[in-house]
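Biologist: Could you take me through one part of this complex in detail? I'd like a close look at a single interface, please.

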Amino acid sequence: MSAQLTNGSQHTTSKNNSATADNVLLDVRNLQKWFPISAGFFRRTVGHVKAVDDISFQVLQGETVGLVGESGCGKTTAGRCILRAYDLTGGQILFQDHDGEMVDLAPLTNNEMKPFRQQVRMIFQDPFNSLNPRMPVIDIVGDPLRINKVVAGKELEDRVASLLAKVGLRPEYMRRYPHAFSGGERQRIGIARALALDPRLVVADEAVSALDVSVRAQILNLIKDLQEEFDLTYLFVSHDLSVIEYICDRVVVMYVGKIVEVAETEELFAQPFHPYTEALLSAVPNPDPRNRQQKARIVLEGDVADPANPPSGCYFHPRCRYVQDQCSQETPELRQIAPGHFAACHFAEELTLAGVTASGELG
Amino acid sequence: MAVTDVKTLSPEAVAPGAAEAEIESSVSVASQWQLMWWKFRKHRMAMAGGIVTLIIYAIALFVEFLAPSSPGVIRADYTWAPPQRLHFFRQTDEGMRWDPYVNGYKVEIDPEALKRTFVIDEEQVVDAGFFVKGEPYEMWGLWEMDLHFVGSTDPEVPIYFLGADRMGRDLLSSMIYGTRVSMSIGLLGVFMSFFLGIMLGGVSGFYGGTVDNLIQRIIEFIRSIPTIPLWMGLAAALPTDWPPLRIYFGITIILSFIGWTGLARVVRGRFLSLRTEDFVMAARLDGANEVTTIWRHMVPSFFSHIIASLTLSIPGMILAETSLSFLGLGLRRPVVSWGVLLQEAQNIRSVATAPWLLIPGLAVLVAVLALNFFGDGLRDAADPYNR
Amino acid sequence: MESPILIEIRNLKTHFYLDEGTVQAVNGVDFTIHQHKTLCVVGESGCGKSVTARSILQIVDQPGRIVEGEILYHRPDRLAAFSRRDAMSNENGSNDSNDSNGSETTEIIDLAALNPRGREIREIRGQDISMIFQEPMTSLSPIHTVGNQITEAITLHTDLLEDEAKEHAIELLRRVGIPRPDERFDTYPFELSGGMRQRVMIAMALSCNPALLIADEPTTAVDVTTQAQILELLEELQDEFGMAIMLITHDLGVVAEMADDVVVMYLGQVVERGDVDSIFHDPKHPYTQALLKSIPRLGVSRNRQRLDSIRGMVPDPYNRPTGCMFGPRCDHFMPGRCDAVNPPAIQLGPEREVNCLLYEEE
């Protein structure tokens with residue numbers, strides 16, 4: 001498989017990569033994705049929606065990184081750029097190949113991407129749209145194996161059977177069509193498809209958001225179990241902070257196409273450094289009626305900024321309750337505030353922001 | 001909610017009863033065509049429409065056998081002869097006996113207008129029969145036959161079940177022959193539109209951008225031209241000395257020239273909406289190339305929709321041909337279509353004398369309605385996964 | 001102090017008659033809504049919580065219909081007296097049999113018995129009971145301005161003149177937190193963000209000062225920060241307008257934040273009901289217990305032990321289990337009992353019930 005990769009090596013940029021430790025699996029650098037806005041009869045481009053605007057982060061081997069933010073913050077776009085479902089506007093996606101070399105996926109053509117498509121897989125949000133209703137399960141799960149010529153024939157059937165068993169479905173069901181399964185079961189099929197090619201990185205895009213509460217826990221547990229079993233690395237895209245807290249080792253918080261904060265999960269939830277993260281945490285409804293009185297919910301004013309026409313300076317400043325003059329003029333850089341804890345706020349050090357205490361109360 | 005919502009229980013859950021499990025698993029492994037058939041079957045009007053459509057096409061297939069005579073036979077002495085009712089049983093001394101017959105004609109002369117008219121003479125009896133030997137023909141141009149489904153036992157005495165026209169030609173035979181032309185022109189036109197529509201719509205939807213823009217503008221231009229004058233112009237451009245068969249193909253091409261635009265739009269719309277479907281993206285992320293993605297995922301997803309819209313565009317073709325021929329711009333004798341036959345009913349005098357000349361209009365009505373109901377049912381069944 | 005009863009639902013059954021069979025979407029539901037209180041109906045998809053709400057307003061989609069039960073609406077005196085019907089009754093008062101015409105007792109109307117297209121239910125909709133939906137666009141007209149729609153709702157149910165109605169509408173828009181309401185009055189729904197649309201919906205729902213506001217998953221389609229805004233707004237408005245709220249949601253966090261009373265539904269039936277504190281801190285029904293254990297909680301799940309999940313999945317509506325609906329997924333399943341008897345409601349205290357045989361007194 002790596003033999004097809006001869007021309008992949010010319011994109012290698014492992015040398016001038018200061019931050020690279022051996023265990024960095026994915027290194028996203030200055031990733032940009034702008035969607036053109038066209039108007040008029042000739043469809044001239046009149047502007048850009050800066051869905052993802054210059055974000056950088058790393059994913060280490062074996063960890064789960066959460067990409068969290070509200071709708072329109074660019075988290076899904078970022079995930080899809082990493083999968084190269086979209087062509088990038090700018091930036092690099094460095095991925096550690098089997099031999100330890102960092103390969104930039106950004107400039108690769110569809111053909112050159114093929115070996116990497118086996119290593120980077122995706123779990124979709126919607127268990128109904130993501131499975132072709134006209135195909136039986138054996139084809140849905142088996143197609144990646146067939147297309148990449150991994151196995152065929154009887155062997156393929158055995159592989160699909162064992163994959164189904166792994167995700168908790170009866171292998172006898174492989175001749176069934178998706179309509180015969182419930183939402184949770186379909187999501188299991190989607191996970192089996194993602195695992196079919198022994199991937200190293202799995203991008204899970206809101207993998208449990210469309211599921212019922214009682215099924216959600218099953219799937220979250222399954223995702224965790226599979227990580228141990230197959231030594232997987234996850235990039236977990238979600239808007240649900242409680243799910244993120246449960247499943248992620250590190251969290252990247254995005255707001256209007258930019259990263260506002262990156263930290264280890266525990267640190268981020270206990271001691272956020274960005275006012276947006278604080279507001280986000282305080283907005284999550286607390287499933288304990290006894291905490292109702294004590295908490296001071298921060299209710300943000302107004303709506304999320306328009307990524308086609310973001311405000312000046314810090315994108316969050318019109319809604320920020322700690323706003324100062326500097327915020328509307330200078331765009332804050334993402335900088336290290338504490339070891340391993342980055343935030344893009346001019347006043348990160350000065351502000352004392354509230355996180356969530358371990359008991360579930362807001363401190 | 002449709003049949004598709006029948007869900008299975010998870011491995012951990014209790015197993016349902018054995019009988020239930022059997023029914024349920026047949027639904028579980030049902031392919032899209034099976035599901036569509038189950039859904040279509042429930043649609044009564046569509047089933048009826050489908051059956052009528054099938055019968056009409058069966059008639060079109062076996063015209064030579066079904067028609068009592070060939071449509072071109074002129075019998076000047078039977079001008080505007082009225083329809084003769086077929087009696088199956090004859091009154092005899094022992095009671096009713098199976099012996100089909102019709103009553104013959106007698107000529108009456110209108111004393112004022114001095115016009116000869118045929119009236120049914122209850123006294124006369126003309127023997128009729130099923131599977132009778134009559135005028136010889138070549139079945140599908142392959143072999144000689146002279147067996148007719150129904151007709152006069154005596155080749156010398158014609159029977160007019162639906163009456164005769166100005167030249168004494170049998171209307172029933174003409175209509176049966178017209179079925180073949182009218183129905184096949186619809187089918188053929190639709191197939192030509194199908195190719196143009198799929199090609200151009202597919203290109204438009206798949207590539208998007210400038211190509212899409214250009215094709216869409218062309219479609220809009222074609223659709224903005226008033227159809228009847230356009231047909232008339234094009235039909236008038238067909239050389240008059242062409243043989244009937246070539247005229248027939250010419251008319252088909254003219255009809256499909258306009259018909260493809262609607263289909264192209266359907267195909268393009270499907271392509272555009274499917275391109276953003278998660279399962280299509282999943283196929284791309286599996287490493288499938290574009291050809292595989294299109295053929296394995298996209299085409300099966302919209303093929304049923306295409307069939308439905310094809311069916312729904314056949315009536316339009318039939319009506320268009322009928323209008324053209326009715327206006328005298330389409331087909332001409334010796335080719336007979338329903339439109340050609342309706343041409344006879346153009347002036348009020350002939351309609352007043354021979355109202356049966358309007359019967360081909362009824363045939364058009366039935367065929368168009370049947371196809372529309374059938375197509376509606378297909379369209380509703382086309383997406384059995386609709387939640 | 002227990003506040004007076006507003007809605008009393010008794011053995012409500014709403015079934016859908018489909019080609020594939022009958023879906024018993026709501027199958028014997030009992031609960032009460034009190035004035036000025038918030039009742040949360042919580043359950044997973046397919047549990048019948050939305051259909052219950054729609055049954056109250058008689059807006060169940062075809063081919064569904066109420067087949068049994070009562071929905072008793074204890075109409076507050078305020079609405080019975082202050083109503084356009086007073087003016088109406090001069091013209092055609094005789095055909096309004098339920099009108100207690102100024103008497104002091106609260107009139108009780110069985111909403112389930114009203115004709116879904118009749119005048120009486122139409123008067124109750126919007127005026128006495130109004131509803132907001134998950135997706136505001138489905139209930140706002142895209143071709144009329146926001147202001148027009150609110151004004152129309154007001155003039156339809158009150159005697160206010162056009163000008164007064166407009167003033168009232170602008171005031172309402174300001175009240176629900178829409179900045180520059182006099183400008184927004186002339187905007188169309190599509191020009192507003194999701195959160196703003198939901199606010200407009202709320203303004204419209206409150207335009208006639210209803211006794212009950214039914215909110216069907218009002219925050220499911222919006223982000224957490226917007227959700228916080230909407231929930232806050234609903235709380236404020238309840239303090240100000242004093243209406244009861246029936247909040248339908250699948251999110252236990254929202255329930256904990258908003259509810260006074262909670263009804264837990266599963267597969268068309270109520271499994272447990274009670275005040276919010278006992279539901280969260282002393283859940284009785286195995287389903288409620290399992291549901292509460294299966295949700296990841298902010299802060300609590302920090303130590304990241306495995307979540308306790310409920311095994312299996314919600315059964316298919318055509319293929320309901322016998323006996324207790326939750327039986328096949330229940331850890332306390334008692335063979336021979338749970339699959340034989342549909343558990344009756346067992347009183348644990350005032351307004352505290354659980355439908356589970358575990359609590360049956362021998």
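Modeller: Here's a walk through the place where chain A meets chain C. Keep in mind that this is a predicted model, with an ipTM of 0.80 and a pTM of 0.80.

Let's start with the extent of the contact. On the chain A side, 49 residues touch chain C, and 49 residues of chain C touch back. The size of an interface is often given as the accessible area lost when the parts come together. For chain A and chain C that buried area is about 4,300 Å², and carbon and sulfur atoms supply 51% of it.

Now for the specific pairings. The count between chain A and chain C is one salt bridge. It joins A:Arg290 to C:Asp277, and the closest N and O atoms sit 2.8 Å apart. As for polar contacts, eight residue pairs turn up across the interface of chain A and chain C, with both partners at pLDDT 80 or more.

So what builds the chain A side? Helices H6 (213-230), H7 (241-247), H8 (265-270) and H9 (275-283) of chain A each give two or more residues to the side that touches chain C. H6(A) has the largest share, with nine residues. Sorted by class, the side of chain A that touches chain C holds 22 nonpolar, eleven polar and 16 charged residues.

One word on confidence in the partner. Chain C has a mean pLDDT of 83, and 90% of its residues reach 70 or more. Residues 81-104 of chain C fall below 50, though the stretch has 31 contacts in the model beyond near neighbours in sequence. Where pLDDT is low, the predicted coordinates should not be read in detail.

Definitions and conventions: Residues are numbered from 1 along each chain as its sequence is written. Chains are lettered from A and ligands numbered from 1 in the order in which they are written. This is a predicted model: local features need pLDDT of at least 70, side-chain atom pairs count only at pLDDT 80 or more; totals for chains, interfaces and linings use all residues. Side-chain values use heavy atoms; hydrogens and water are left out. Contact means heavy atoms within 4.5 Å. Buried area is the accessible area (1.4 Å probe) that two parts lose on being put together, summed over both. A salt bridge is a side-chain nitrogen of Lys or Arg within 4 Å of a carboxyl oxygen of Asp or Glu. A polar contact is a pair of N or O atoms within 3.5 Å; within protein, one must be able to donate a hydrogen and the other to accept it, and residues adjacent in sequence count only if both atoms are side-chain atoms. Helices (H or I, at least four residues) and strands (E, at least two) are DSSP runs, numbered from the N terminus. Ala, Val, Leu, Ile, Met, Phe, Trp, Tyr, Cys and Pro count as nonpolar, Asp, Glu, Lys and Arg as charged, and the others, Gly among them, as polar. pLDDT is the predictor's confidence in each residue, from 0 to 100.
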